[in-house]
Structure formats: C-alpha cells, structure tokens
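Please keep the sequence and the structure in view while reading.

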Amino acid sequence: MILRFWGTRGSIATPGPSTVGFGGNTSCAEVVTRDGARFIFDCGTGARLLGSYLLAQKKGPVTGNIMLTHTHWDHIQGFPFFSPLFIPGNVFRVCGPPGAHASLPEVLAGQMEYIYFPVELGQLGAKIVYQDMSEGTHDLEGVRISAQLLNHPAIALGYRLEADGASVLYLCDHEPYWEPLWHSDREPGKIDSILHEGDRRHALFMQGADVVIHDAQYTPDDYPSRKNWGHSTWSYATKIAAAAGVRHLFLTHHDPTHDDAFLEDVEQAAQAAAVALGSPMTVRCAREGSEEAFEGDAVATPGFTQVQHADPSRSGALLVLVVDDDEDLRLLARKALTKAGHRVLEAENGDDALRFVESQKPDLMLLDVNMPGMDGFEVLRRLRTREAGRPLPVIVLTALGDEESARRSFEFGATDFLIKPFTPPQLDVRVRACFAHSAA
Ligand SMILES: [Zn+2]
Ligand SMILES: [Zn+2]
C-alpha cells in the first residue's frame with residue numbers, strides 16, 4: 001500500500017518559509033491499497049492539494065473513502081476545497097463519528113452555509129454517501145477498518161486499516177489518559193505496565209502495526225500548560241507505540257509554533273527515545289508531500305477485531321449520579337452534563353450515593369475519591385460487592401492525580417479515572433464513551 005501525507009500541521013494552517021520542510025497544511029493523509037481502494041484520513045487544508053493531484057491523474061471518475069476522525073476545524077476545513085467533490089460522476093463515502101448534537105452531514109453543511117462559503121453542501125456535483133462510524137470493525141471496499149475512540153474533548157475516532165498484509169493506524173487527535181504512563185513498580189516499555197486502562201486500550205489498538213500515524217503536537221515541556229486540549233507529546237506517542245511493537249511511527253499534527261528546525265530536533269529525540277526503550281521502531285515527523293510504500297508481512301501482522309460498541313453520540317439523555325462533597329464541583333458537573341442533554345442526581349457523601357444507586361437506578365456514576373466519612377474507594381468496593389447484573393459504569397474523579405489513587409480505582413472496579421479540573425466537553429465525551437463501552 002501507498003501512504004501519502006498531504007497535511008501534517010495541527011490546529012491551523014501554518015504556511016511560510018519556516019515550515020516548508022514539514023509542511024503548513026492541516027491534517028490529511030491518503031492510503032491507497034494494491035487494489036486501488038483509496039482512504040483519505042481527515043480533510044484539513046491538505047485535502048485541497050490531494051484533490052488537485054487526483055484530478056491531474058484524470059483516470060475517469062474519482063472515488064474514495066473520506067475517514068474523518070472528528071469535525072474540529074483543522075480536520076474538515078479542506079472539505080469544501082476538495083475539488084473532486086464538485087464533479088458529477090465522482091463518488092465518495094464520508095465516514096466519521098456523528099457530532100453529539102448534529103449528524104455528520106449537518107456538521108459539514110454548517111461550515112458551508114452562505115455566511116461562510118459560496119457553495120452549499122447539497123450543491124456539490126459528486127455523489128456523496130455518509131456513513132456514521134462507531135467503535136467496531138467495518139468492511140469498506142473489502143478492506144478491514146477498525147475504529148476506536150480517542151481521548152479528545154470531542155467525540156473522535158482513531159482508525160486501523162488492514163490491507164495487503166499490512167496495517168496502518170491514523171490516531172489524531174488524542175491525549176494521554178494519564179501521566180505517567182507506567183506503573184512505577186513494573187518494567188517500563190510493556191503494555192502490561194501501563195497504568196490507566198484507557199492508555200492500555202490505546203496501545204492494544206496499535207499492537208503489532210506496521211505503521212502508526214500519531215498526534216504529537218506537544219513537547220513534554222509544552223504539555224503541562226496545555227492539558228485537556230486533547231493532544232499528545234512526542235514522548236507519549238513514542239513510548240506507547242514502542243510498547244505496542246509498532247514498526248514505523250510517524251509523528252504528526254505538528255504544533256503551529258514548531259518550525260522545521262524544531263521538528264528535526266523532535267524527530268531525533270523521539271528516535272533516540274525509541275532506541276533507549278530497546279525498540280527497533282523507526283520514528284519520523286510526518287512531512288507534507290512525502291510518499292511511502294509498505295509491504296506487510298501477513299504472518300507478522302495479526303488481524304485486529306474491535307468489539308462493536310454503542311455509538312456514544314447516540315447514548316441520549318443519561319441519568320448521571322454525581323458524588324462529591326465539594327458543592328462547586330457538583331455545580332460544575334451539573335452544568336456541563338445538563339448542557340450535554342443528561343439528567344443529574346447529586347449526592348454529597350457515600351451513604352447517599354449507595355442509597356441513590358438502589359432507589360434511582362442511575363446510568364452512570366461520577367465518584368470523588370476524597371470525601372469525609374466513606375471515601376470513594378469504599379463506595380466503589382461496596383457497590384461492586386452488591387452488584388448482581390451489569391456493573392454500573394463509574395468514573396472516579398480525583399484532584400490528586402497520584403499513581404496510588406489510579407491503581408486502587410482500577411483495582412476496585414472503576415471504569416474510568418479522571419483528574420480534576422476537567423473541561424465540560426471532556427466530561428461529556430468521557431461520560432458517553434464510558435457508557436458506550438459498558439453497554440456492549
Ligand atoms: Zn486537530
Ligand atoms: Zn481536535
């Protein structure tokens with residue numbers, strides 16, 4: 001299969017002399033299989049160049065699958081400038097997670113309303129078929145595509161494509177579920193040593209892959225001031241891909257403030273980090289305009305099958321029990337959750353929480369660890385020993401962010417573990433994802 005990068009920049013297009021090397025266009029990558037099936041990952045401004053390239057080839061009607069990770073600007077801004085969409089006879093399937101408040105075509109049409117753009121979505125000449133994607137393994141043109149939720153303050157999917165005996169993953173935009181990555185008393189560099197269940201799931205998704213294209217917007221120094229913005233550091237991407245036994249890693253979604261010289265340093269540091277972990281993986285920063293050919297070894301590439309999970313955006317109105325002695329936190333959670341369409345019950349201590357679980361049958365619990373009297377761990381322990389049927393999804397909240405709290409939460413049966421303060425979109429996405437996973 002052939003892989004081409006058409007846009008490697010994150011957040012906003014960054015043209016200019018200092019970004020000529022790695023490119024200034026926003027996210028767009030293309031994979032073409034040996035049989036000619038075409039997959040376009042994201043439609044940032046790089047999609048304009050891809051459109052011109054496809055039309056210049058002029059081999060009859062142009063077809064393809066546009067795989068959107070999510071509908072943040074930098075992933076859809078090139079869609080109205082992707083010229084094959086204007087030409088009758090061309091056929092595209094547009095796949096992606098529906099937005100929490102609107103369908104995929106509604107979101108795409110939004111950026112093409114007359115106040116933003118002169119041509120409306122419905123006026124495009126090509127035949128466009130929309131396909132909502134949720135977690136699971138799908139068959140598109142005989143190619144296996146698995147989708148998995150990423151950790152981002154919007155419902156975002158990562159994709160794993162398997163064809164020609166090779167596997168390629170596209171994982172933008174994604175943030176670590178937890179820092180640090182490893183259990184302190186286990187050997188770093190192994191999937192079994194990963195502390196947070198979300199990061200372990202992310203590693204298992206890319207296990208044994210030939211190629212991983214991963215968000216690496218930040219440096220470890222950048223990250224503390226940019227937490228909850230939904231992006232990774234090159235260090236996290238390298239460590240987790242090395243642990244997963246990936247063969248080739250491309251770092252992408254480059255920060256607009258990182259020029260070519262900076263990214264060359266990042267590339268060297270990331271490659272050195274992989275070597276230090278004992279990994280034979282190659283690590284490069286993705287370059288706009290570059291092309292790679294991959295031949296997989298079908299024996300060495302195990303097929304990945306993702307369990308079909310419910311679509312998190314369709315989880316509708318959930319009844320969420322918020323358990324926290326801090327009134328301000330309950331208020332923040334209530335505002336965020338009701339705005340996202342959920343109903344909220346509040347408990348300020350563990351006894352009330354357990355009573356509400358019995359009497360009100362909530363769909364999900366947000367549980368603070370540090371409460372006077374019965375703490376969150378004890379609430380979780382009692383809840384799990386009482387349960388007979390399907391376990392109640394529980395997101396443990398902590399202000400501490402220490403390893404011991406994370407470890408004990410998962411030991412006691414937490415579904416997810418989230419550090420305070422969180423942002424409203426982040427909370428909405430984690431609640432929906434947590435419910436979708438537990439409903440399968
Ligand atoms: Zn982005
Ligand atoms: Zn995004």
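By the rule used here, the count comes to one cavity of 30 Å³ or more, where a cavity is a set of points, on a 1 Å grid over the protein atoms alone, at which a 1.4 Å probe fits but cannot get out. The volume of the largest cavity is about 40 Å³, a volume being the space filled by probe spheres set on the points, with grid points joined across faces, edges and corners. The lining divides into seven nonpolar, three polar and one charged residue, with Ala, Val, Leu, Ile, Met, Phe, Trp, Tyr, Cys and Pro counted as nonpolar, Asp, Glu, Lys and Arg as charged, and the others, Gly among them, as polar.

This is a predicted model, in which local features need pLDDT of at least 70 and side-chain atom pairs count only at pLDDT 80 or more, while totals for chains, interfaces and linings use all residues. Residues are numbered from 1 along each chain as its sequence is written, chains are lettered from A and ligands numbered from 1 in the order in which they are written, and side-chain values use heavy atoms, with hydrogens and water left out.

The metal sites come next. The zinc ion (ligand 1) is coordinated at 2.1 to 2.2 Å by Asp74 (OD), His75 (NE2), Asp173 (OD) and His253 (NE2), donors being N, O and S atoms within 2.8 Å of the metal (3.2 Å for Na, K and Ca); water is not among the atoms, so sites may look incomplete. The four donor atoms around the zinc ion (ligand 1) subtend angles of 85 to 166°, and the arrangement is therefore irregular.

Which residue bridges the zinc ion (ligand 1) and the zinc ion (ligand 2)? The bridging residue is Asp173, and the two ions lie 3.6 Å apart. His152 lies in the loop between β8 (143-149) and β9 (157-163) and Asp173 in the loop between β10 (166-171) and α4 (197-205), so the pair ties together parts 21 residues apart in sequence. His152 is buried at a relative accessible area of 3%, and Asp173 is buried at 1%.

Finally, the whole structure holds ten aromatic pairs, counted when rings of Phe, Tyr and Trp (its six-membered ring) have centres within 6.5 Å, with planes under 30 degrees apart called stacked, over 60 edge-to-face and the rest tilted. Trp6 and Tyr53 form a tilted pair, 5.1 Å centre to centre with 45° between the planes. This pair links strand β1 (residues 2-7), which holds Trp6, to helix α1 (residues 46-57), which holds Tyr53. Trp6 is buried, at 12% relative accessible area, whereas Tyr53 is partly exposed, at 26%.

Terms used. Helix = DSSP H or I, 4+ residues; strand = E, 2+ residues; numbered from the N terminus. Buried < 20%, exposed > 50% of the residue type's maximum accessible area, 1.4 Å probe, protein only. 1 Å grid on protein atoms, 1.4 Å probe; cavity = no way out; pocket = protein on both sides within 12 Å on 5 of 7 lines; lining within 4 Å. Tetrahedral: all angles 85-135°; square planar, octahedral: opposite > 155°, others 65-115°.
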